[in-house]
Amino acid sequence: MNSLKVLIIDDEIEIRRLIKLSLTTQNYTVLSAATGKEGIESVLLDRPDIILLDLGLPDIDGSEVIIRLRSRVDIPIIVLSARDQEEAKIAALDSGANDYLTKPFGVGELLARIRVCNRTYLRSDDEEVLQLGDLSINLLHCQVFLRGQEIRLTPIQYDLLKTLAQNAGKILTHRQILKKVWGVESNDLQYIRVYIGQLRQKIEENPARPKFIITEPGIGYRMMFENVT
């Protein structure tokens with residue numbers, strides 16, 4: 001039985017009702033808030049496992065809510081918004097959101113994203129081995145194995161793969177990747193594209209149709225579990 005507690009922060013009552021109905025049938029405990037202030041108070045009081053956040057709130061913009069929450073808690077945040085511009089998605093993700101769904105969205109897709117976020121946060125910070133399907137990353141010895149065979153990576157390739165794997169299921173923006181791997185604040189995407197291409201050649205069965213490293217067009221990349229259902 002599922003014991004996850006989900007908080008919906010959305011000013012549209014019909015959206016809250018629809019999501020609550022869909023999640024309670026899956027045995028989730030569902031809380032709701034209609035404003036950013038109510039949502040922040042509920043997060044601090046009720047400590048949900050997952051937050052579903054609308055950006056267009058009546059009192060505080062959703063991106064500001066993310067920033068305020070990230071200074072207090074490390075709870076997965078999935079943005080649900082009618083804003084479909086890349087700039088809005090990137091701003092929310094750079095602020096600390098884990099994922100982004102554009103309204104209208106399917107309930108099945110929302111449930112899958114919730115499961116991925118939960119699996120990601122079940123990982124221990126001091127976990128020595130990351131296992132994603134056939135791909136295994138030994139953090140202690142800096143080794144990568146694919147179906148039991150060791151894959152040789154350069155230091156930058158390894159750091160990039162490790163960063164993506166440690167955030168498996170989460171969209172990382174180009175800016176976040178550049179900062180984490182190269183330690184620079186930049187929008188120069190050429191470094192990332194080159195190294196992503198190199199990694200795909202080494203770990204993907206078909207680099208043209210990757211299963212592990214998925215491109216989020218105009219935004220960044222997401223490392224996927226082979227099976228998220």
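Helices (H or I, at least four residues) and strands (E, at least two) are DSSP runs, numbered from the N terminus. The structure shown above is a predicted model, in which local features need pLDDT of at least 70, side-chain atom pairs count only at pLDDT 80 or more, and totals for chains, interfaces and linings use all residues. Residues are numbered from 1 along each chain as its sequence is written, and side-chain values use heavy atoms, with hydrogens and water left out.

Helix α6 packs against helix α8 (residues 190-203) at an angle of about 85°, the two axes being 10 Å apart. Axes here are lines fitted to C-alpha atoms, for helices over the stretch in contact, and angles run from 0 to 180 degrees between N-to-C directions. Helices α6 and α8 are therefore roughly perpendicular to each other, a label given to angles of 65 to 115 degrees (under 35 is roughly parallel, over 145 roughly antiparallel, the rest oblique). On the α6 side the contact (heavy atoms within 4.5 Å) is made by Ile156, Gln157, Leu160, Leu161 and Leu164. Helix α8 contributes Tyr195, Ile196, Gln198, Leu199, Lys202 and Ile203.

Turning to the strands, an open sheet of five has the order β2-β1-β3-β4-β5, with parallel pairing; two strands pair if DSSP finds at least two bridges between them. Strands β2 (29-33) and β5 (99-102) are the edges, each pairing on one side only. From one strand to the next, the twist averages 20°. Strand β4 (residues 77-81) is joined to β5 by four bridges, and Val79 has Tyr100 of β5 as its bridge partner. Helix α1 (residues 13-24) packs on this sheet, touching β1 (5-9), β2, β3 (50-54) and β4, with its direction at about 170° to that of β2. Helix α4 (residues 86-95) also packs on the sheet; α4 touches β4 and β5, and its direction makes about 150° with that of β5.

Strands β6 (residues 129-132) and β7 run antiparallel and are joined by four bridges, with Leu130 opposite Ile137. Two residues lie between these strands, and Gly133 takes a positive phi near 60°. Strand β7 also pairs in the antiparallel sense with β8 (residues 143-146), again over four bridges, and Ile137 stands opposite Val144. In this second hairpin, four residues separate the strands and Cys142 takes a positive phi near 55°. In β6, Leu130 and Leu132 form a covered face, while Val129 and Gln131 form an uncovered one. Both faces of β7 (residues 135-138) are covered, with Leu135 and Ile137 buried on one side and Ser136 and Asn138 on the other.

Key:
Buried < 20%, exposed > 50% of the residue type's maximum accessible area, 1.4 Å probe, protein only.
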